[in-house]
Amino acid sequence: MTRLLSAALLCAVLGAVSSMSAVLQAATLTVTSPEDNGPGSLREAIENASEGDLIEVGPIPNGGVIRLTTAELLINKSLSIRGVSEDRPTIEGYPPIFGSSDAVLGQIMEVVPGVSVSIENLRFAKASGFF
């Protein structure tokens, strides 16, 4: 009976340690480029991120502005995106949509249903609708 309890306790401890290591494996990816895609871009960081990762944005050259030029950002996994510079990086929308006031507006991101995204210390500009 003692061996059964010891084996059960060992399995429970190993299961708990295994669960904790999965939680501790979240990575931090860093965005340093104002470009829409390529090395150091926000789009690349989102594509390379795994479930639960943190993406830190900034400081960004070009006045801290990331201009989306190809498409909105697709977020299909739960993650956190956080601006790390004092002047809060700005993400500008794409594609341009002309409204009645002739202001250029666009979309910034699409979050897939069921996905949880935390966004902190970022600005959004030239955006319309839900993002």
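**Salt bridges, core and strands**

Biologist: Hi! What does Arg82 count as at 28% relative accessibility?
Modeller: In this predicted model, Arg82 counts as partly exposed, because its relative accessibility of 28% falls between the 20% and 50% cut-offs.

Biologist: Thanks. Which residue forms a salt bridge with Arg82?
Modeller: That's Glu56, and the closest N and O atoms are 2.4 Å apart. The pair links distant parts of the chain, with Glu56 in strand S2 and Arg82 in strand S5, 26 residues apart.

Biologist: And how do S2 and S5 run?
Modeller: They run parallel, and four bridges join them. For one example, Leu54 has Ser80 in S5 as its bridge partner.

Biologist: What about S1 and S2, how many bridges join them?
Modeller: Four bridges, and S1 and S2 run parallel. Leu29 has Ile55 in S2 as its bridge partner. With H2, these two strands make a right-handed β-α-β unit.

Biologist: Switching to the inside: how many residues has the largest nonpolar core?
Modeller: It has 20 residues, and Val31, Leu42, Ile55, Val57 and Ile81 have the most contacts inside it. Elements that each supply at least two residues include strand S1 (28–31), strand S2 (54–57) and strand S5 (79–83). H2 gives the most to this core, with three residues.

Biologist: What does Val57 touch?
Modeller: Leaving aside residues up to four places away in sequence, its contacts include Val31, Leu42, Ile66, Ile81, Pro89 and Leu122. Arg82 is also among them.

Biologist: Back to charges. How many salt bridges are there?
Modeller: The count comes to four. One of them joins the side chains of Asp36 and Arg43, at 2.7 Å from N to O.

Biologist: Are Asp36 and Arg43 buried or exposed?
Modeller: Asp36 is buried, and so is Arg43.

Biologist: Which residues are linked in a network of salt bridges?
Modeller: Arg67, Glu92 and Lys126. Lys126 and Glu92 meet at 4.0 Å, N to O. Lys126 sits in the segment after strand S11 (123–125) and Glu92 in strand S6, 34 residues apart.

Biologist: Is Glu92 buried or exposed?
Modeller: Glu92 is buried, because its relative accessible area of 11% is under 20%. Lys126, at 43% relative accessibility, counts as partly exposed.

Biologist: Last one: where does Arg88 lie?
Modeller: Arg88 lies in the loop between S5 and strand S6 (90–92), and is partly exposed at 35% relative accessible area. Beyond four places away in sequence, Arg88 touches Asn121, Leu122 and Arg123. Arg88 and Gly58 are 30 residues apart in sequence and 8.1 Å apart in space, C-alpha to C-alpha.

Technical notes
Residues are numbered from 1 along each chain as its sequence is written. This is a predicted model: local features need pLDDT of at least 70, side-chain atom pairs count only at pLDDT 80 or more; totals for chains, interfaces and linings use all residues. Side-chain values use heavy atoms; hydrogens and water are left out. A nonpolar core is a set of buried Ala, Val, Leu, Ile, Met, Phe, Trp, Tyr and Cys residues joined through side-chain atoms within 4.5 Å. Buried means under 20% relative accessible area, exposed over 50%, partly exposed in between (1.4 Å probe, protein chains only). Contact means heavy atoms within 4.5 Å. Two strands pair if DSSP finds at least two bridges between them. A crossover is right-handed if, with the strands pointing away from the viewer, the path from the first strand over the helix to the second runs clockwise.
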